[in-house]
Amino acid sequence: MRRGRKTLIWAGLAAAIATPVAAAAMSPLLAWRDPIYIAAGFAGIVAMALLLVQPLLIGGYLPGLLGLRGRRIHRVTGLVLVMAIAIHVAGLWLTSPPDVIDALLFASPTPFSDWGVIAMWAAFGAAVFAAFRRSRPRMWRLGHMSLVAVTVLCSVIHAILIEGTMETISKVALCTLVVLATLKVGADLRIWGVRR
């Protein structure tokens with residue numbers, strides 16, 4: 001792969017991640033929030049960014065991170081993703097426990113909460129599947145990717161429905177890239193194909 005193309009790929013990924021983060025950092029809504037709530041919100045943004053990085057790693061689309069190296073970083077990034085989700089939820093819990101309890105019980109009046117909770121459990125499930133990677137590879141891959149698909153779909157809906165610090169255009173662009181990257185890796189690796 002040519003040097004210019006490698007640079008373009010990495011620059012595009014950096015822009016896709018940095019733009020919504022920078023836009024959120026400049027949001028006037030941050031002035032009315034306490035530090036824990038802000039940290040929780042940015043943990044959610046980081047988690048969404050990692051949902052873009054994960055399929056790019058496993059699909060071998062990032063220059064210099066192909067094959068075994070890409071898969072190893074994919075595992076580490078998956079762990080960081082789970083930690084970002086945990087920080088997101090823990091921060092919201094510290095600022096408003098009743099809201100988090102309502103969300104976990106699917107009793108919240110805000111529709112985005114339900115999608116966020118489903119995404120959280122699906123992400124945790126995908127991480128658990130990753131721990132049992134060596135057993136029944138075909139079933140493992142199908143189960144892991146199914147949970148990842150639920151995570152991506154519900155995370156995107158969760159993010160789109162929230163009217164918060166994330167700027168709308170950059171948020172929609174990031175969510176679109178997450179969906180497209182997930183669909184591409186699913187198609188390229190033939191995750192859903194039936195093999196004899």
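This tour moves through a predicted model, from its confidence values to its core and its cysteines.

**Confidence.** Begin by colouring the chain by pLDDT. The mean over the chain is 91, and 94% of its residues reach 70 or more. Next, select α2 and α6 in turn. Among the elements of the chain, α2 has the highest mean pLDDT, at 96, and α6 has the lowest, at 91. Where pLDDT is low, the predicted coordinates should not be read in detail.

**The nonpolar core.** Now select M48, L52 and V178. Within the largest nonpolar core, which has 29 residues, these three touch the most other members. Then display the helices that supply at least two residues each to this core: α1 (3-25), α2 (35-58), α3 (67-95), α5 (111-131), α6 (137-161) and α7 (168-188). Which helix gives the most to the core? It is α2, with ten residues. In soluble globular proteins, nonpolar side chains tend to be buried together.

**Around L52.** Keep L52 selected and show its surroundings. Leaving aside residues up to four places away in sequence, L52 touches L13, A16, L174, L177, V178 and A181.

**The cysteines.** Finally, select C154 and C175. Is each of them buried or exposed? C154 counts as buried because its relative accessibility is 4%, and C175 counts as buried because its relative accessibility is 3%. A search of the whole structure finds zero disulfides. C154 is in no disulfide, and the nearest cysteine sulfur, that of C175, is 12 Å away.

Conventions: Residues numbered from 1 in each chain as written. Predicted model: local features only at pLDDT ≥ 70, side-chain atom pairs only at ≥ 80, totals over all residues. Heavy atoms only, no water. Disulfide = S-S within 2.5 Å. Buried < 20%, exposed > 50% of the residue type's maximum accessible area, 1.4 Å probe, protein only. Core = buried A, V, L, I, M, F, W, Y, C linked by side-chain atoms within 4.5 Å. Helix = DSSP H or I, 4+ residues; strand = E, 2+ residues; numbered from the N terminus. Contact = heavy atoms within 4.5 Å. pLDDT = per-residue confidence, 0-100.
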